[in-house]
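Student: I'd like to learn how to read a fold from its coordinates. Could you walk me through one?

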Amino acid sequence: DEEPIVELDFKALHPNIAKCIYGGSNLHISHDKIAKDLKIQKDLVKIEHLSFFNKEIYQMKLSPLYNYYKIKEPKMLNNIIKDKMANDYKITSQKLFRKEVKIMSSIIKQLNAINIYVLYVYDALYCKESDKSMVTEIMNRTIKRHGVNTYVG
């Protein structure tokens, strides 16, 4: 429609989905806070989060994120480890992806019902700039309804 497209994505979606599925504190996990606590660059935290939950247990323990979660989210980390031990290490990423798809599908259905159409790439939606506020509102409302403590940022 001759209009710029904007990208809207959730802040630290997979860590916050992991907390929703595996239990933990009610605090929002953010790349910024972890980077500050670990005294490492935010980009390293973001990159590490892309693979952390997909790793085998011994690989997780080698990650700089492991000690953060061991201290800040021990319940979540212990439950992830138990699940990996009982069901193979891939179970975590399968559960995270299943929840992500359920959330994003719900958002897209709501948007399509009001004639807003988006492109879906991983945890991001691309929409017309004029639809940005409505898409953001629906994304934020829906993620909360699914029990995940994050937001579009």
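Predicted model: local features only at pLDDT ≥ 70, side-chain atom pairs only at ≥ 80, totals over all residues.

Student: What radius of gyration would a compact globule with 153 residues have, and what does the protein have?

Tutor: A compact globule of 153 residues would come out near 15 Å; the protein has 16 Å, which agrees. Along its principal axes, the C-alpha trace spans about 50 × 35 × 25 Å.

Student: How many helices and strands are there?

Tutor: You'll find 8 helices and 3 strands. Starting at the N terminus, they run β-α-α-α-α-α-α-α-β-β-α.

Student: In which sense do β1 and β3 pair?

Tutor: Antiparallel, over 5 bridges, with β1 at residues 5-9 and β3 at residues 124-128. One example to click on: Val6 has Cys127 in β3 as its bridge partner. Val6 also sits on the covered face of β1 with Leu8, while Ile5, Glu7 and Asp9 make up the uncovered face.

Student: Now burial. What does the word mean here?

Tutor: A residue is buried under 20% relative accessible area and exposed over 50%. By that count, 41% of the 153 residues are buried. Helix α1 (residues 13-22) is mostly covered, with 7 of its 10 residues buried. Among them are Leu13, Ile17, Lys19 and Tyr22.

Student: Which helices cover the buried residues of α1?

Tutor: The cover includes α3, α5, α6, α7 and α8.

Student: And backbone angles? How do I read phi?

Tutor: Most residues other than glycine have a negative phi. Here, Glu2 has a positive phi of about 60° although it is not a glycine, and Ala12 has one of about 45°, again without being a glycine.

Student: Where is Ala12, and is Ala12 buried or exposed?

Tutor: Ala12 lies in the loop between β1 and α1. Its relative accessible area is 5%, so Ala12 is buried. Glu2, in the segment before β1, is at 85% and therefore exposed.

Student: Last one: how far apart are the mean positions of the positive and negative charges?

Tutor: They are 11 Å apart, for 25 positive and 18 negative charges.

Technical notes: Residues numbered from 1 in each chain as written. Heavy atoms only, no water. Buried < 20%, exposed > 50% of the residue type's maximum accessible area, 1.4 Å probe, protein only. Helix = DSSP H or I, 4+ residues; strand = E, 2+ residues; numbered from the N terminus. Pairing = 2+ DSSP bridges. Rg over C-alpha atoms; globule rule 2.2 N^0.38 Å. Lys, Arg positive; Asp, Glu negative; His and termini not counted. Charge placed at Lys NZ, Arg CZ, Asp CG, Glu CD. Contact = heavy atoms within 4.5 Å.
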